[in-house]
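Q: Can you walk me through this one? I'd like the helix packing and the sheet.

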Amino acid sequence: MDDLDRSILALLSQDARMSVAVLARRVKVARSTVQARLERLETSGTIAGYTLRLGETARASRVRATVLLVIEPRSLPRILSRLKPMPQVERIHTTSGRVDLLLQLATASTAELDDLLDRIGGIDGVRSSESLIHLGTKLDRAV
């Protein structure tokens with residue numbers, strides 16, 4: 001990946017709907033060059049897809065939380081099989097350090113979050129959990 005690829009990705013991370021023609025103008029190369037770069041980035045898996053990012057107005061109606069889980073040894077596959085079907089679980093990260101998993105959750109209400117936390121805590125193999133409710137977002141550079 002070179003500087004041109006990084007420039008294309010930076011522009012797309014701001015607006016995934018940006019046309020190839022606009023991208024080409026912004027990075028000052030031919031449209032065919034941008035098209036070829038996009039195809040290569042998609043084929044290599046660097047670009048996994050194009051999506052939308054909800055704005056703060058849409059996200060404000062959701063209660064977001066991070067949950068830190070400590071799990072029993074060798075219980076990861078069983079726990080993942082229980083977490084993946086839960087639509088409120090947006091992301092699951094394995095971690096190093098004092099916790100094993102970091103979950104990012106989004107629910108419609110605190111009551112729904114409370115119920116979800118009870119269900120997660122009751123999964124066989126979960127030793128302990130710590131929940132952090134997101135109050136506001138001060139910076140979001142996630143792509």
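Predicted model: local features only at pLDDT ≥ 70, side-chain atom pairs only at ≥ 80, totals over all residues.

Q: At what angle do the axes of α1 and α3 cross?
A: Helix α1 (residues 3–14) and helix α3 (residues 31–43) cross at roughly 85 degrees, and their axes come within 11 Å. Angles of 65 to 115 degrees count as roughly perpendicular, so α1 is roughly perpendicular to α3.

Q: Which residues make that contact?
A: From α1, Leu-4, Asp-5, Ile-8, Leu-9 and Leu-12 take part; α3 supplies Thr-33, Val-34, Arg-37, Leu-38, Arg-40 and Leu-41. By class, the residues of this contact are 7 nonpolar, 1 polar and 3 charged.

Q: Now the sheet. What is the strand order?
A: The order is β2-β3-β1-β4, an open sheet of 4 strands with antiparallel pairing. At the edges are β2 (89–94) and β4, each of which pairs on one side only. Direction ignored, neighbouring strands are turned by 20 degrees against each other on average.

Q: How many bridges pair β1 with β3?
A: There are 7 bridges, in the antiparallel sense, between β1 (residues 63–71) and β3 (residues 101–107). In one of the pairings, Arg-64 has Ala-106 of β3 as its bridge partner.

Q: Which strands does α6 lie across?
A: Helix α6 (residues 110–121) lies across β1, β3 and β4, and runs at about 150 degrees to β3.

Key. Residues numbered from 1 in each chain as written. Heavy atoms only, no water. Axes fitted to C-alpha atoms, helices over the stretch in contact; angles between N-to-C directions. Helix = DSSP H or I, 4+ residues; strand = E, 2+ residues; numbered from the N terminus. Parallel < 35°, antiparallel > 145°, perpendicular 65-115°, else oblique. Contact = heavy atoms within 4.5 Å. Nonpolar A, V, L, I, M, F, W, Y, C, P; charged D, E, K, R; others polar. Pairing = 2+ DSSP bridges.
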